[in-house]
Amino acid sequence: MNQMDLRRSILLLLTLSFLVSSLHASEGDADPIYKSCLDECEESGCAGKICFQHCKFSSDGKPIDGPWYLQEPLYQKWKQWDCRADCRYHCMIAREEQREKHGDKPIKYHGKWPFQRVYGIQEPVAVAFSALSLAVQFHGWLSFFILMNYRLPLRPDKTTYYEYTGLWHVFAVLAMNFWFWSAIFHSRDVELTEKLDYSSAVALVGFSLILAILRAFNLRDEASRIMVAAPLIAFVTTHILYLNFYELDYGLNMKVCMAMGVAQLLIWGVWAGVTCHPSRWKVWLFVVGGILAVLLRIYDFPPFKGFVDSNALWHAISIPLTCICWSFVEDDAELSTSNLLKKQTDISSLVTRTNRSHYFHIPFADARCFFAMQGYAVSSKSRVFQTSGLCFFSRRSIYSQRLLSNWM
């Protein structure tokens, strides 16, 4: 390779590196008018007619007008609106006003759409919807908690008949945690709040997928639940560690959340299509709303009047979806509890009326064997045993031709 070819190769590599780096930058970052405003603001402390006390520094780098707590209101400083952040914001707003007069569409600056701040809050509409979703989520969980512990009957050991109660409690905690950090993140986008928002989001979506699989396939035994949950928990944990300690990759996190979100929507949709659950129509509403929410996350459009963008609308859709979700959970808990109690009543009546034989058995697959699985004595003189294939009921003694696999 001669010297001329080497120069051409170096020039080509430099050109490609510039193009690749420009792909990660926003269009507004390269705008010459915006860059000029930003440079002037950081030097003079003024963006147009708006000046910032905390941008005035002496030659030694110290603020001229004293420490920051004497220069800015606390309600703004706790959001870390420093000199550079304020210069970026006001130069961005000024540039977008100029572009709007010329009929140009809004563009992104530093990866973000140009939002209008309100009392230092970066995305006020998204924050409001996040806070409202948090309140609705708490109300739905509280209603479910009261239903399970005070309205529906409990087992003799004071546990609920509904076998997914604990899972829904965990879901509620993760959901409320996500909406809390979502409100904080959209109030002020810094590295810490971004990590907490992304981590809580992927944790919620991952656990929602686990819950969808367990409920749709009606997995009740502990071994099956562990086989489903363990690999998903490991994947979600690894992804959260990657985001927090290796690279905070927004694109990768969005793909992971979308994949798990679409998977659980498919599972719920198929389950609603094959089940005879009386509240399956609520599942259909949830799936349709979830698809709309996914489309809003994919189709990213600029904020209307600087306030409402696709992300804010996604937050708004989540409010009715939360209501539908908890309404179905309560219906599912009531139906499951009612069915289990009815099976117990039927078997109790059957055994009580059986006087001609001391022993009888029914197939394990029969629904009446639920009575035996609960370890419930049919009468004061009766015991219940479960074998690997049959449920045996004895009024006076144990009877089985095979070794009992489980003493109930």
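This note goes through the predicted model point by point.

1. **Overall make-up.** The model is predicted, not experimental in origin. The protein chain holds 12 helices and five strands. Of its 408 residues, 43% are buried. Consider contacts between residues at least 6 apart in sequence: 64% of them join residues at least 24 apart.

2. **Helices α9 and α10: geometry.** Helix α9 covers residues 250–274, and helix α10 covers residues 280–298. Their axes come within 9 Å and cross at roughly 160°. An angle over 145 degrees counts as roughly antiparallel, so α9 and α10 are roughly antiparallel to each other. The crossing is left-handed.

3. **Helices α9 and α10: who touches whom.** On the α9 side, the contact is made by Y250, M254, M258, V262, L265, W268, G269, W271, A272 and G273. On the α10 side, the residues are R280, V283, W284, F286, V287, G290, I291, V294, R297 and I298. By class, this contact has 15 nonpolar, three polar and two charged residues.

4. **The loop between α9 and α10.** S279 lies in this loop. Is S279 buried or exposed? Its relative accessible area is 8%, and under 20% counts as buried, so S279 is buried. Which residues does S279 contact, leaving aside its neighbours within four places in sequence? The partners are F328 and D331.

5. **Helices α5 and α6.** Helix α5 spans 124–151, and α6 spans 165–187. The axes of α5 and α6 come within 8 Å and cross at roughly 165°. That makes α5 roughly antiparallel to α6. Here too the handedness is given: α5 passes α6 in a left-handed crossing. The contact of α5 with α6 comprises 17 nonpolar and eight polar residues, with no charged residues.

6. **V170 in α6.** V170 sits in helix α6. Its relative accessible area is 38%, so V170 is partly exposed. The C-alpha atoms of V170 and F207 are separated by 8.6 Å. Along the chain, V170 and F207 are 37 residues apart.

7. **Aromatic pairs: the Y198 and Y250 case.** A search of the whole structure finds 20 aromatic pairs. One of them joins Y198 and Y250. The ring centres of Y198 and Y250 are 5.8 Å apart, with 45° between the planes, and the pair is tilted. Y198 lies in helix α7 (residues 191–216) and Y250 in helix α9, so the pair ties together parts that are 52 residues apart in sequence.

8. **Aromatic pairs: Y242 and Y246.** The rings of Y242 and Y246 have centres 5.1 Å apart. Their planes are at 40°, so this pair is tilted. Y242 is partly exposed, with a relative accessible area of 26%. Y246 has 66% relative accessibility and counts as exposed.

9. **Positive phi at K158.** K158 is not a glycine, yet its phi is positive, at about 70°. Where is K158? K158 lies in the loop between α5 and α6. At 66% relative accessibility, K158 counts as exposed.

10. **Positive phi at N218.** N218 has a positive phi of about 55° and is not a glycine either. N218 is placed in the loop between α7 and α8 (222–245). With a relative accessible area of 37%, N218 is partly exposed.

11. **Points to look at on screen.** Begin with the left-handed crossing of α9 and α10. Go on to S279 in the loop between α9 and α10, with its contacts to F328 and D331.

Technical notes
Residues numbered from 1 in each chain as written. Predicted model: local features only at pLDDT ≥ 70, side-chain atom pairs only at ≥ 80, totals over all residues. Heavy atoms only, no water. Axes fitted to C-alpha atoms, helices over the stretch in contact; angles between N-to-C directions. Helix = DSSP H or I, 4+ residues; strand = E, 2+ residues; numbered from the N terminus. Parallel < 35°, antiparallel > 145°, perpendicular 65-115°, else oblique. Left-handed = near helix turned anticlockwise from the far one by under 90°. Contact = heavy atoms within 4.5 Å. Nonpolar A, V, L, I, M, F, W, Y, C, P; charged D, E, K, R; others polar. Phe/Tyr/Trp six-rings, centres within 6.5 Å; stacked < 30°, edge-to-face > 60°. Buried < 20%, exposed > 50% of the residue type's maximum accessible area, 1.4 Å probe, protein only.
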